[in-house]
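Hello,

Here is the structure for your files. My notes follow below it.

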Amino acid sequence: MYSGIIRHRGTVIDRNDLQDGGAIFRFSAPSDILERLKLGSSINVAGVCLTVVKKDAESFSTDVMPQTLRLSTAMDWSVGTPVNLESSLRLGEELGGHLIFGHVDGVATIVDDRKDGNARLL
């Protein structure tokens, strides 16, 4: 679960497309988020819940299955792409936002995009 409040940014520093249609991504990240991550940790990357499969002092890696690539912006991530990062909530932490799962269940098509004051209506 995530709060939906983005406090960190990272960058795609490596992408390895796999023969099975999936991919392994490596992301740079600030030290305060890396300190929270362990192998198997969930992390929200650009709105997508992913699992940490490797970590070092400056980066972490996730594997992304073909379905996630097809149904999210992950298909468009390449080296240098900036991404929002959010570590999963811990019990007792302030929510400060909403409860977000980060699991992709479908794809929508934007049929209209217009300004509404300081907002956009999609």
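How many bridges join strand S1 to strand S2? Six: S1 covers residues 8–17, S2 covers residues 23–28, and they run antiparallel. Strands are DSSP runs of E, at least two residues long, numbered from the N terminus. Two strands pair if DSSP finds at least two bridges between them.

First, the ground rules. This is a predicted model, where local features need pLDDT of at least 70, side-chain atom pairs need 80 or more, and totals for chains, interfaces and linings use all residues. Residues are numbered from 1 along each chain as its sequence is written, and side-chain values use heavy atoms, without hydrogens or water.

**Barrel.** Six strands close into a barrel, in the order S1-S2-S5-S4-S3-S6, with antiparallel pairing.

**Ser59.** This residue lies in strand S5 (residues 59–64). Ser59 is buried, at 2% relative accessible area (buried is under 20%, exposed over 50%, partly exposed in between; 1.4 Å probe, protein chains only). Leaving aside neighbours within four places in sequence, Ser59 is in contact with Ile13, Arg26, Phe27, Ser28 and Leu34 (heavy atoms within 4.5 Å).

**Salt bridges.** The count is three (a side-chain nitrogen of Lys or Arg within 4 Å of a carboxyl oxygen of Asp or Glu).

- Asp17 pairs with Arg15, closest N and O atoms 2.8 Å apart. Asp17 is partly exposed at 49%, and its bridge partner in S2 is Ala23.
- Arg114 meets Asp112 at 3.0 Å, N to O. Arg114 is partly exposed at 48%; Asp112 is partly exposed at 37%.
- Arg120 meets Asp113 at 2.4 Å, N to O. Arg120 is exposed at 54%; Asp113 is partly exposed at 40%.

Best regards

Methods. Helices (H or I, at least four residues) and strands (E, at least two) are DSSP runs, numbered from the N terminus.
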